[in-house]
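Please look through the structure shown below before reading the notes that come after it.

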Amino acid sequence: MTPDKATMRYWADMRRLFPDYQLCLLDGEQLVGVGNSIPLTWSGKVGDLPKSWTDTLINGVDNRERASVNTLSAVNIAIHSDYQKSGLSQRLLSEFKKLAQEKELGKLIVPVRPSFKEDYPLTPVDNYIHWKRDDGEPFDPWIRTHWRLGAKILKPIYQAYTVKGTIMEWEEWTNMKFPESGSYVIKGALQPIEISHEQNIGVYHDPNVWMEYE
């Protein structure tokens, strides 16, 4: 499963055009964390938020010369497996806040991929992102982390990332069989994939949620 050509192109453009917006965490000489971000233009209206991960990259790259650039958007946070659950994700989020201030960008938004959603693939993302624990805090750990750091939920991103492939490709990727058209739950996916034998295609849309830091 590889990103489409447009995504790969704009991802490369982001890293080339905005090197000072890409963060790295080191433990000595060991790279232990990466945070990618991009400045973009956003009206502040929820309905004007990018509709996907790729749209976020396109907004930033294509609008980079405009005076209207006013928002820092996180794109990706990755922590080395040996260093997870050690507070490094929170460290990168704090660095994004500092970066937004240094660049005089008035808003910081983050596309959050709910970490426990894969355990509830049949629950609509609109419902899941608003689940609460008994103490009133968000149910999902990754959403809760952002919430504790001052972020609020804005809206779901229904198609943050899309994966398409033939039925044979999906069977290879998942080690499953899809004998008829329909919806299938697969390991690691946040919602079912849709299989069409008539078109010989399987489509998966990865849902995220936009959160904003004040």
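The notes below take up strand pairing, a helix, a threonine and some aromatic rings.

This is a predicted model, in which local features need pLDDT of at least 70 and side-chain atom pairs count only at pLDDT 80 or more, while totals for chains, interfaces and linings use all residues. Residues are numbered from 1 along each chain as its sequence is written, and side-chain values use heavy atoms, with hydrogens and water left out.

- Helices (H or I, at least four residues) and strands (E, at least two) are DSSP runs that are numbered from the N terminus.
- Strand β8, residues 201–213, is mostly covered, since 11 of its 13 residues are buried, where buried means under 20% relative accessible area, exposed means over 50%, and partly exposed lies in between (1.4 Å probe, protein chains only).
- Two strands are said to pair if DSSP finds at least two bridges between them.
- Strand β5 (residues 151–165) pairs with β8 in the antiparallel sense over 11 bridges, and within this pairing tyrosine 161 stands opposite aspartate 206.
- Strand β4 (residues 107–112) also runs antiparallel to β8, joined to it by five bridges, with isoleucine 109 opposite glutamate 212.
- Strand β7 (residues 193–196) and β8 form an antiparallel pair with three bridges, in which glycine 202 is the bridge partner of isoleucine 195.
- Four residues lie between the strands in the hairpin of β7 and β8, where asparagine 200 takes a positive phi near 55°.

**Helix α2 and its cover**

- In helix α2 (residues 53–62), the buried residues include Thr54, Leu57 and Val61.
- The elements that cover the buried residues of α2 include α1, β2, β3, β5 and β8.

**Threonine 71**

- Threonine 71 is found in strand β3 and counts as buried because its relative accessibility is 0%.
- Its side chain makes a polar contact (a pair of N or O atoms within 3.5 Å; within protein, one must be able to donate a hydrogen and the other to accept it, and residues adjacent in sequence count only if both atoms are side-chain atoms) with the side chain of asparagine 70, at 2.9 Å.

**Aromatic rings**

- Rings of Phe, Tyr and Trp (its six-membered ring) pair if their centres lie within 6.5 Å, and planes under 30 degrees apart count as stacked, over 60 as edge-to-face and the rest as tilted.
- A search of the whole structure finds 12 aromatic pairs, among them the edge-to-face pair of tryptophan 53 and tyrosine 161, at 6.0 Å centre to centre and 75° between the planes.
- Tryptophan 53 lies in helix α2 and tyrosine 161 in strand β5, so this pair ties together parts that are 108 residues apart in sequence.

Conventions. Contact means heavy atoms within 4.5 Å.
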